[in-house]
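Here is a short briefing on one protein model. Please look over the sequence and the structure, then read the points below by topic.

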Amino acid sequence: MNARDMHAEMARWIENVTEPDLAAELSRMKEAAETGDESAFTDAFFQDLSFGTAGLRGTLGAGTNRMNVYTVRKATQGLANYLLKHANGKPQSVAIAHDSRINSRLFAVRTACVLAANGITAYLYPRLEPTPALSWAVRALECDAGVCITASHNPPEYNGYKVYWE
């Protein structure tokens, strides 16, 4: 993303973000950028967080290159689009688990909401569960996919979004 695109993207986020913690972070980035320090802004917006091994993983915070409710919803919409495109008329379902990391429960709930809005059944664990429990649920419930909100062994300021197939 070039500098012009990054500034436009940050302006779009500032205008549309409703989560207080992310809005405050964006405000701090904007103030710093106005005084000439664009380092935090550049790192947060220079690219979209992208899928790596099994899913997304990144630092929590505001921006397209961060783990937040917006990147989680975007990833989930992509997953929903893929599942529905390949469903061949079969109802789709996804099991969802999360660990104890910051915002894991929030991200899991938002994942379930996006899936449900797309007509996909979401089975959301009501408590913390490890990744093997998600694998079990995908098979036991005959789901088409599973999502685990975890960043595994990464530092505490990270979270992740792992996708598993049936």
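W13, F41, F45 and Y70 form one aromatic cluster. The model is predicted.

**Aromatic pairs**
- The whole structure holds five aromatic pairs.
- One of them joins W13 and F45 edge-to-face, with 5.6 Å between centres and 85° between the planes.
- This pair links distant parts of the chain: W13 sits in helix α1 and F45 in helix α3, 32 residues apart.
- W13 is buried, at 6% relative accessible area. F45 is buried too, at 0%.
- F51 and Y161 also pair: their ring centres are 6.5 Å apart and their planes stand at 85°, so this pair is edge-to-face.
- F51 lies in the loop between α3 and β1, and Y161 in strand β5, so the pair ties together parts that are 110 residues apart in sequence.
- Y161 is buried, at 0% relative accessible area.

**Nonpolar cores**
- The largest nonpolar core has 34 residues. Those touching the most other members are L26, M29, F45, M67, V94 and Y161.
- Elements giving two or more residues to this core include the helices α1 (3–16), α2 (20–34), α3 (39–45) and α5 (104–117). Among the others are α4 and the strands β2 (93–98), β4 (145–149) and β5 (158–165).
- Which element gives the largest share of this core? That is α4, with seven residues.

**Helix α4**
- Helix α4 runs over residues 69–85, 17 residues in total. At 1.5 Å a residue, the helix should span 24 Å; its end C-alpha atoms are 24 Å apart, which agrees.
- Buried residues in α4 are V69, Y70, T71, V72, A75, T76, L79, A80 and L83.
- At the start of α4, a side-chain oxygen of N68 comes to within 2.9 Å of the backbone nitrogen of Y70.

**Cysteines**
- How many disulfides does a search of the whole structure find? The count is zero.
- C113 is in no disulfide; its nearest cysteine sulfur belongs to C143, 17 Å away. C113 is partly exposed, with a relative accessible area of 45%.
- For C148, the closest cysteine sulfur is in C143, 13 Å away, too far for a bond. C148 is buried, with a relative accessible area of 1%.

Methods:
Residues numbered from 1 in each chain as written. Predicted model: local features only at pLDDT ≥ 70, side-chain atom pairs only at ≥ 80, totals over all residues. Heavy atoms only, no water. Helix = DSSP H or I, 4+ residues; strand = E, 2+ residues; numbered from the N terminus. Expected span 1.5 Å × (residues − 1). Buried < 20%, exposed > 50% of the residue type's maximum accessible area, 1.4 Å probe, protein only. Polar contact = N/O pair within 3.5 Å; in protein donor to acceptor, adjacent residues only side chain to side chain. Disulfide = S-S within 2.5 Å. Core = buried A, V, L, I, M, F, W, Y, C linked by side-chain atoms within 4.5 Å. Phe/Tyr/Trp six-rings, centres within 6.5 Å; stacked < 30°, edge-to-face > 60°.
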